[in-house]
Amino acid sequence: TGIPFDGGLRCLCWKILLNYLPLEKALWSSLLKKQRDLYSQFLKEMIIQPGIAKANLGVSREDVTLEDHPLNPNPDSRWNTYFKDNEVLLQIDKDVRRLYPDMAFFQRPTDYPCLLILDPQNEFETLRKRVEQTTLKSQTVARNRSGVTNVSSPLKTTANSLSEYEVLPNGCEAHWEVVERILFIYAKLNPGIAYVQGMNEIVGPLYYTFATDPNSEWKEHAEADTFFCFTNLMAEIRDNFIKSLDDSQCGITYKMEKVYSTLKEKDVELYLKLQEQNIKPQFFAFRWLTLLLSQEFLLPDVIRIWDSLFADDKRFDFLLLVCCAMLTLIRDQLLEGDFTLNMRLLQDYPISDVHLILKKAKELQDSK
């Protein structure tokens, strides 16, 4: 039935369902303090420019430069890492700037900019500044997975894409910049997967939910809380993003096949029709499953669907049923349509009433 938003109940439930907060309420305040302090530590260690770190330890700038400098070819060089990170940062930057373009929220300034990074007393470099200084061509760093998101082709993103939005004055940060930092820190801490296009669509709804929490004490820490909830969520779904695992039992191909085998069980006529038209689950279910349907519906509806997904004790088995429900609810159109028409239906899903879809998914679950 979903979670009411009132009084920040959803934010709290999500933190529990995503295993960020323990069930023991007495432990909450100490745990939150510990995690938020840890996140500050990550910011200090990972968003600081090489050279500054050591200079702050009392080593003079000259010594630092002798030891390590921007042209140092050594793979262990901090500068080498810094430039590699910039490639990842550019890809993240490109994706987060266009998060939910139909909503003004992500372009607006946050009430709680990160003082650690923005304080002129600290010599931290904002990611915004890093992006402006990095002139790598964005196209060279595309690390997307085919079909994860329907984004415009690189040809359409011209050099002015950075100036599409007015830049906020110094000392202010837009919400998308906070999301960028969360993804950048995640990529640094998880080099095995780093950043893959589409992760921005997973972090967006989490951050939006926490950053609009009616309780200002919680809202203030939306960045750190989102980071840990996103990390926990990614631990459960990260296999979808790892190409080498695609065909393994935990990979995305297996899950897509599962959508069809479940459909075959529930509605064999529709299953055969899709098979006959050679409509493979990759054509639509890849995006549905990888991005937890975040691209198929408007943000408030995505959040409502996620209430049910996070509450699923079998961890996302319910998602397969939601996908099946989406297919069976448009079965008449699919049975009548040809390949082109049906592909259009599946890539731009026509039903926007998520309650209807969830009700149908529940019926499918109960009919086992």
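This is a predicted model: local features need pLDDT of at least 70, side-chain atom pairs count only at pLDDT 80 or more; totals for chains, interfaces and linings use all residues.

My pairing rule first: rings of Phe, Tyr and Trp (its six-membered ring) pair if their centres lie within 6.5 Å; planes under 30 degrees apart count as stacked, over 60 as edge-to-face and the rest as tilted. Residues are numbered from 1 along each chain as its sequence is written, and side-chain values use heavy atoms, with hydrogens and water left out.

Entry 1, the count. I get 17 aromatic pairs by this rule. One of them is F227 with F228, an edge-to-face pair with 5.1 Å centre to centre and 80 degrees between the planes. I checked burial too (buried is under 20% relative accessible area, exposed over 50%, partly exposed in between; 1.4 Å probe, protein chains only). F227 comes out buried at 3%, and F228 is buried at 9%.

The ring centres of W306 and F310 are 5.5 Å apart with planes at 50 degrees, so I logged the pair as tilted. W306 is buried at 0% relative accessible area, and F310 is buried at 1%.

Y260, Y271, F284, W288, F297 and Y349 form one aromatic cluster.

I count one when NZ of Lys or CZ of Arg is within 6 Å of the ring centre and within 35 degrees of the ring normal. K15 has its charged end over the ring of F210, 4.4 Å from the centre. R36 has its charged end over the ring of W218, 5.8 Å from the centre.
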